[in-house]
Structure formats: C-alpha cells, structure tokens
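Trainee: I should like to examine how the terms applied to a structure follow from their definitions. May we begin?
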Amino acid sequence: MDRTYLQTWLRDRGFTYSNAYNKGKTLVFSKVPLPDYRADLDERHGSTQKEIKMSNQTERRVEDLLSKSKVNTNDSASTSTIYSRQTLPSTPSSVVERATDIDKQKLSSQLRDLQNSRKTMASARSMQSFRQKLPAFNMREGFLKAVVANQVLVISGETGCGKTTQLPQFILEEEIDNLRGADCNIICTQPRRISAISVAARVAAERGEELGETVGYQIRLESKRSAQTRLLFCTTGVLLRRLVQEPDLVGVSHLLVDEIHERGMNEDFLIIILRDLLPRRPELRLVLMSATINAELFSKYFGDAPIMQIPGFTFPVAELFLEDVLEKTRYKVKFERDNAAGSSRRKRISSVKSDPLSDLFENIDIDKEYGNYSIATRQSLEAWCAAELDLSLVENTIEYICRYEAEGAILVFLTGWDEISKLLDKIKGNNFLGSSNRFLLLPLHGSMPTVNQREIFERSPVNMRKIVLATNIAESSITIDDVVYVIDCGKAKETSYDALNKLACLLPSWISKASAHQRRGRAGRVQPGFCYRLYPKVIHDAMPQFQLPEILRTPLQELCLTIKSLQLGAVSSFLAKSLQPPDPLSVKNAIELLKTIGALDDMEELTSLGRHLCTLPLDPNIGKMLLMGSVFQCLDPVLTIAAALAYRNPFVLPMDRKEEADAVKRSFAGDSCSDHIALLKAFIAWKEAKQSGRERSFCWENFLSPMTLKMMDDMRNQFFDLLSDIGFVTKTRTVKAYNHYGSDLEMVCAVLCAGLYPNVVQCKRRGKRTAFYTKDVGKVDIHPSSVNAFVNQFPLPYLVYSEKVKTASIYVRDSTNISDYALLLFGGPLSPSKTGEGIEMLGGYLHFSAPKRTIELIQRLRGELDKLLQRKIEEPALDMFSEGKGVVAAAVELLHSHNDYR
DNA sequence: GAGCACTGC
C-alpha cells in the first residue's frame with residue numbers, strides 16, 4: 001500500500017504515521033491516537049474579553065493627530081503597473097553567451113591547452129594516482145557514455161566511492177578535451193555549505209588550479225567563481241533562488257544533484273521542478289547522486305532512468321548489538337528503581353511512555369529468543385528498557401573499550417544536550433579513565449561552544465584516546481576521521497509536524513536503518529572499526545528503512561510561497577507531483593497562514609505584499625517583519641532580529657555555566673520582557689566590542705557565538721540590498737536613514753507583532769502566576785531558556801513568539817511581551833464582535849471591548865494605517881512620513897499610552 | 001526548568 005495514502009488515511013482516523021514500523025515485511029501501525037488540542041478550547045478560554053481603557057487625554061491626542069492627516073488611496077497606481085508579474089530582469093548574459101563563435105573556439109582551445117599542460121605537472125601526477133584508486137575511476141568511460149545517451153542518470157554509490165569529486169570532474173575534463181569547454185556549464189548542488197566549499201577546493205586541487213578558476217563554489221553570502229568557471233559547486237538553496245530568475249536554467253549544460261537520498265526539502269522540491277523542466281531543455285543533462293539505499297525510487301520518478309552503481313570504499317566495521325555488547329562486557333542492566341520490587345517488563349509497558357519499536361521488544365520472550373546467550377545477559381535484556389537510555393550502560397561500554405580494546409577514537413551518538421551533559425558528568429565523576437592526560441573527553445552539540453574547536457577534528461596525540469559525545473551533528477555535518485569505535489544509542493531527536501494542531505514537534509525517536517548504517521560507517525574511515533549498538537538486533541530489523549522526507553515533517557508556508565513565485569500553478573496540484581506528496585492538511589494550513597498574513601488573496605494568488613516576500617530568502621513571517629521594519633522606520637533593530645530568527649540564535653549553551661549564561665541573557669533583555677530585544681542588545685554590544693578590538697573576550701564572557709554574529713551581520717547587509725532591489729530603501733543611503741524609531745522599543749515590539757502575527761499568546765492571571773494560551777493548542781509554557789520564563793506577572797497582556805515547539809511540553813521559545821494597542825494596530829485584521837459592541841481578532845479568539853467612541857477611534861486609526869501601508873507596499877518609494885505623518889504619529893501616541901496591565 | 005540538524009540571487 002502507498003505510504004502517503006496510508007498516512008492520510010491514518011491521520012483522518014487520528015493516528016500518526018510516525019508510529020509505523022516494520023514487522024517482517026509488513027508495515028504495522030500502533031494505535032497511539034493523536035491528541036487533539038482543539039477539543040475543549042472554547043470552554044477553557046473562549047469567553048475572555050479584554051477591556052480597553054483609553055484615557056480622555058490620549059483619545060483627544062489621537063483624534064487630533066488623525067484629523068490632521070488623511071491618507072489618499074492612490075487608485076491610479078494599480079498593482080499591475082508596478083509589478084506586472086515576475087518580470088524580474090533576466091540574468092545578465094555571461095561572457096560566454098556574448099562571445100562570438102570565433103571567441104568561443106579560441107576559449108575552448110585555451111581551456112584544453114591549459115588542462116593538458118597541468119596534467120604533466122608533478123603534483124598533478126600524484127593527484128592522478130590518488131584518483132585512480134577511487135572506485136569511481138573505473139566507471140569513467142561508462143559514466144560519460146551514459147551521460148551522452150541519457151538525459152537523466154541516477155548514480156548510486158556509498159561514501160568513499162568518490163562520486164562527488166570525480167563525476168563532475170569527468171564531465172568537465174571530457175567537455176574541455178573535446179573543445180566544448182567554452183559552452184559547458186556544469187553545476188553540482190550540495191545540501192550543505194561546508195561540503196560545497198570543501199568539495200570545490202578538493203576538485204580544484206586535483207586539477208592543479210586555484211579555486212575560482214574553472215572550478216568554483218557559491219553559497220549564500222560567499223562565492224569563489226569567475227568568468228572562466230565551468231564547474232560550480234553550490235548549495236541547493238542557491239540553485240533554487242537562481243531558478244526564480246531563470247526558470248529554464250539557460251546556459252547550464254549539466255546539472256548534478258548530490259545527496260538526494262537524504263530527502264531534504266530543497267532537494268525534493270528541486271526534483272519536481274527539474275522533471276517538469278527537462279522536456280523544455282532537451283540538451284540539459286541531469287545526474288542524480290544518491291546512496292545505494294533508495295536509488296530506485298528516483299529512477300522510477302524519472303521514467304525509469306538508468307541507474308549506475310559505484311561500489312563504495314570504506315573499511316569493514318564489525319557490528320555488535322545490545323545482546324552481544326552485554327555478553328562481551330558482562331554489564332548488568334539494573335531495573336529502574338520504581339519497578340524494582342518484583343515487577344516484570346510487562347508492567348513497565350503500561351507505566352512508561354512507549355513506542356511501537358520498544359513495545360515490540362518488551363513483548364518478546366527473552367529466554368526463548370536469546371537461548372544461546374548467558375543467563376546474565378538474558379537477565380539484563382529482561383531488565384533493559386527500550387524507552388529510556390541507560391547512561392550507565394553507555395559509560396560501561398566506553399570503559400570497556402578503553403580498558404580492553406586497541407587504540408582509536410570513540411564516537412558516541414546520543415540524542416541531545418541533556419544526555420551529553422549527564423554522561424559527561426558521570427564519566428568525570430567515576431574517574432575510571434584514571435590519569436586524565438590519557439583521555440580527551442569532548443562534547444559535540446550544535447549549540448555548544450565546542451562545535452568549532454579544532455581538537456575535535458585533529459588526531460589526538462599518541463597514547464591519548466579521544467572520546468566524543470555527540471548528537472546527530474556527527475552523522476553527516478561533522479566528520480571526525482580517526483574514529484575507530486562508534487557507540488550508537490539508536491535514537492535521535494527528530495522534527496515532525498502535527499498538521500492537526502499546527503504544531504512543530506521535536507521528540508526523540510528511533511533512527512532509520514539508513515541512519516544506523518551511516519553512523520556505523522563513521523567508524524571505518526581510516527581503518528577497520530567497531531560499532532557497538534546499544535539496542536537489540538530485533539529493534540534494528542524493525543526500524544523503518546528511511547527517515548520520513550523533510551517535506552512531510554515541516555510546515556510548508558515558505559515552500560508554498562516559492563511555488564507561487566515560480567509560477568508553478570496551484571500549490572496543491574504542484575505538490576501532488578512530489579515524490580511523496582505532503583499531507584493536504586499541511587498544505588491547507590500553509591495557504592491559510594499566507595492568507596492570514598496577507599501574502600495570498602482569496603483566490604490563492606500573490607498579493608503585492610506576497611510578491612515582495614517572494615524576493616526575500618526568508619520565512620514569510622520574518623520577511624514581513626523586515627518590510628514593516630523598513631516601512632515604520634526601525635530598520636536597524638529589525639534587520640538584526642530578522643537575521644537571528646532566520647539563521648540561528650547567537651547565544652551558546654555552555655555545559656558547566658548555564659546559570660551564568662541565563663543571567664547574561666536576562667541582563668541584555670533588561671525589563672523589556674523580550675527575547676528578541678535580548679538578541680538585539682547582544683548584537684549591538686558585540687558590534688561595539690568588535691570596534692574596540694574586544695570581540696573574543698566579549699563573546700566568551702557573554703556566551704555568544706562569534707561565527708553566528710558574523711553571519712548575522714552579513715545577512716543584515718544582504719537584507720538591506722534586497723530591500724533596495726524592491727525599492728523600500730535606497731542603496732546610496734545607510735540603515736540610519738530608515739531608523740527614526742529604531743530606539744523606540746514600543747515601535748520595535750509593534751513591528752515584531754506585525755511580523756510574528758498570528759503567533760500570539762494570551763497571558764492570563766491565575767492568582768500570583770500567569771498562564772499562557774494560544775488559539776491552536778490552548779495552554780502552552782514559556783521555554784525555560786527564555787528571558788520570560790518564570791516571570792510571574794507581565795506588564796502587558798500578550799506575547800508574540802517566533803516558534804512554538806512540542807518537546808517535553810508545548811513551549812513558546814522566543815517571545816516578546818506586547819500591548820493591546822500593538823495587537824490592535826499591527827496584528828491581523830479587526831472584525832466587529834459577533835456578540836456585542838467590541839472588536840475581534842484571530843477569528844474571535846481575541847476579543848476586545850471598550851466604549852463605542854474608543855472602538856470607533858481605534859477602527860478609524862487602524863483603517864488609515866492599513867491604507868497607508870497598502871500604498872507603501874504598492875509604491876515602495878513613497879515617503880510615508882510626509883504622506884501619513886499624522887497617522888503614524890497617532891499610532892505612536894497610542895503605542896506609548898498603554899495602561900499598565902499589572 | 002530545558003536546547004536534533006541543515007539551508008537561501
């Protein structure tokens with residue numbers, strides 16, 4: 001049965017697809033119903049009503065300001081005259097395209113002469129002998145013939161076969177040899193920035209040339225390429241952006257898409273576009289590169305395109321499962337204390353939160369299944385709990401390797417920060433390692449400051465064993481060459497998207513077989529290795545073959561916007577062409593959100609705002625925040641906040657000093673009750689420190705990542721350039737020219753509200769504390785890392801947030817406390833209340849009441865503000881502050897007048 | 001009272 005069909009079928013019946021597992025050859029689904037948070041929403045907080053109290057003085061001032069200014073609706077400037085469709089200027093034709101045929105012939109022979117002369121160099125010959133050892137080398141002729149004969153080719157090859165560095169290079173050499181050098185334009189996409197750079201550098205070195213000559217790379221905000229560049233390695237995201245301007249990829253002769261087996265969203269999306277593009281570009285050659293594991297899927301998708309297999313080359317890795325590890329190490333698993341008193345595994349099933357794979361094991365008759373193993377091992381298997389990781393078991397396995405096995409680094413795969421931290425403490429506490437200079441114990445996590453430390457990659461000195469405690473980051477992003485022992489706990493935290501509750505989840509779950517294979521391979525890069533799997537073989541055999549593709553695990557608003565901007569037709573019918581189409585409910589949620597923020601109209605067509613948002617490489621909400629920041633003259637802070645939200649949080653999480661780190665973050669936030677303001681202040685302080693040459697110590701003392709801050713700074717510049725491309729700012733002026741309200745935190749928070757809407761939380765007083773509610777899921781908690789965590793009473797009645805994630809509970813991660821007026825003036829559209837004289841927002845979820853006069857005044861101001869904004873969106877160059885001075889001033893007046901909610 | 005991982009003209 002088709003998995004997608006099943007997924008929908010299950011969803012409709014309240015089950016989740018992620019509960020699926022393999023039992024023999026059939027897919028089994030456990031009956032864990034999906035909670036529906038919407039169930040009793042009305043009962044819990046539908047009746048709340050916020051009363052707006054506006055002082056007479058404020059009312060008069062607002063009236064006064066408003067009466068002085070009237071925004072004209074400029075009917076003549078219709079949308080179509082400004083944006084007559086996506087008629088973006090076509091890419092400037094490259095040097096090659098402009099060249100005459102004679103020039104081209106000349107260039108082609110120059111390229112060939114250069115290539116030939118480099119082949120004879122001594123360094124090139126040693127490179128050549130290295131290349132000849134790669135399994136891909138023997139496939140050269142067959143591969144090149146297949147590329148000529150087939151428009152689409154699927155290459156499957158394991159790590160170490162050399163497909164990424166060799167195949168694009170073969171094409172390049174062949175084209176240049178045959179005097180087609182001037183005409184060829186090869187692009188090879190990589191999912192990650194680092195691999196795009198390192199692969200390009202490797203290929204350039206193999207060809208004996210500088211990076212940026214015939215071989216170059218391009219990633220966001222960074223490129224090394226020239227007019228001579230014939231082979232470009234770029235991230236998939238860069239190619240997708242290029243497609244917006246150049247839907248037919250004119251001038252590209254060969255396109256290679258690498259790592260498609262990972263099923264990233266960008267790659268899955270690109271593949272749909274390419275399948276449609278191929279008939280329009282019959283001479284374009286497409287090579288899809290995948291791990292062996294699912295090559296057929298892609299071949300089928302492209303009408304049974306031929307598959308070529310390249311054998312891999314890694315050293316053999318011996319594999320031990322839990323039962324073997326127990327037998328070998330003699331470790332005794334202890335029953336959990338709660339269950340100790342004569343309880344059996346059966347009882348545990350009902351008491352511990354479980355999953356199908358864990359249940360599968362819990363239901364096995366140990367004595368029958370493991371008859372060949374010792375009694376001690378069987379007792380341990382009986383006591384072993386699949387649902388929770390036994391850190392002592394991990395520690396013991398490390399100790400065993402250190403004591404009895406030959407030298408070589410150990411890599412331990414764990415699920416997250418907490419496990420890494422606890423295990424580190426445990427090992428340090430037990431001190432089994434003896435003399436500390438014989439071991440190097442390193443935590444490795446994306447948000448830990450150790451991520452960029454050299455010692456992780458460098459070979460540790462002789463007689464010193466390196467032990468790395470890592471998350472999934474070590475599975476593909478970071479490669480540690482000298483690993484000989486891998487310890488795999490079999491789980492990873494995985495994002496999923498619960499479309500029913502519009503909720504992103506981040507929960508630990510069993511990895512796929514493909515992932516387990518990849519983890520094992522990490523032990524065989526330099527010599528034969530060992531993989532200790534801390535879970536039984538029966539669980540491994542029942543693991544799903546692959547992880548669910550990203551397109552089925554993520555909210556889709558940004559993807560939907562891109563589909564509209566590429567003019568690929570109706571979103572749902574386009575996505576239905578996907579390798580595995582997403583849940584229609586996810587698509588519906590995304591479209592609804594885009595309508596809510598005003599990017600799509602009722603007909604699902606792009607609005608003026610939507611067209612602007614397409615040009616920004618950002619999530620639509622953050623893009624809107626950026627536009628509103630430029631419109632309302634607080635560009636500087638909004639550039640920073642948008643960059644942090646789009647990239648990553650610059651605060652690092654050191655393991656031993658987390659209280660200090662929290663305190664620093666709070667001090668940046670001051671009394672703003674805002675994580676976004678904390679980010680902003682930290683960035684400003686970093687800039688100052690950098691100017692006075694104190695960057696390093698500043699970052700260290702304030703728990704900030706210099707690399708992230710640098711990236712944010714670069715992204716700010718990119719955003720400014722993009723805003724100037726669409727006319728919201730003028731390139732000759734600086735950010736300061738658009739920053740009149742940049743220091744006005746009320747205004748900045750109002751713009752945050754405009755961008756983050758409809759991510760609104762109601763703060764409700766419950767005695768001395770505050771409870772938090774959202775429309776979609778009801779009660780939520782403030783994430784403990786937020787500056788707003790453990791605040792008992794807030795000055796203002798609402799929070800806006802950038803992310804809501806279900807982990808241990810449903811958490812709002814980064815939030816900002818905002819007033820009623822911010823919401824009324826900058827939130828979603830207002831509608832008259834169904835019940836009385838008030839106004840409503842978010843389909844009646846938020847309800848405001850006030851005297852008729854006040855309501856009318858707010859509605860009038862909001863109406864004028866909307867008109868002004870609409871004009872600005874359609875005529876970005878409009879000077880709002882001469883046109884709508886009074887309106888903006890009235891809004892500012894109101895934002896500053898909010899009555900204290902406490 | 002807790003933080004999988006990537007990425008963008």
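Mentor: Contact means heavy atoms within 4.5 Å. In chain A, 73% of the contacts with a separation of 6 or more are between residues 24 or more positions apart. This is a predicted model, in which local features need pLDDT of at least 70, side-chain atom pairs count only at pLDDT 80 or more, and totals for chains, interfaces and linings use all residues. Residues are numbered from 1 along each chain as its sequence is written, chains are lettered from A and ligands numbered from 1 in the order in which they are written, and side-chain values use heavy atoms, with hydrogens and water left out.

Trainee: Why is T235 called buried?

Mentor: Buried means under 20% relative accessible area, exposed over 50%, and partly exposed in between (1.4 Å probe, protein chains only). T235 has a relative accessible area of 9%, and is therefore buried. T235 belongs to strand 8 (residues 231–235); strands (E, at least two residues) and helices (H or I, at least four) are DSSP runs numbered from the N terminus. Beyond its neighbours within four places in sequence, T235 contacts Q190, R192, R193, A196, Q218 and I219. Across chain A, 55% of the 902 residues are buried.

Trainee: Which part of DNA strand B does the side chain of R241 approach, and how do you know that the pair is a polar contact?

Mentor: A polar contact is a pair of N or O atoms within 3.5 Å; within protein, one must be able to donate a hydrogen and the other to accept it, and residues adjacent in sequence count only if both atoms are side-chain atoms. An N or O atom in the R241 side chain is 2.9 Å from a base nitrogen of DNA strand B, so the pair meets the 3.5 Å limit. For D662, a polar side-chain atom is 3.2 Å from a base nitrogen of DNA strand B.

Trainee: What is the pLDDT over residues 39–47?

Mentor: pLDDT is the predictor's confidence in each residue, from 0 to 100. Over residues 39–47 it stays under 50. Where pLDDT is low, the predicted coordinates should not be read in detail. Chain A averages a pLDDT of 86.
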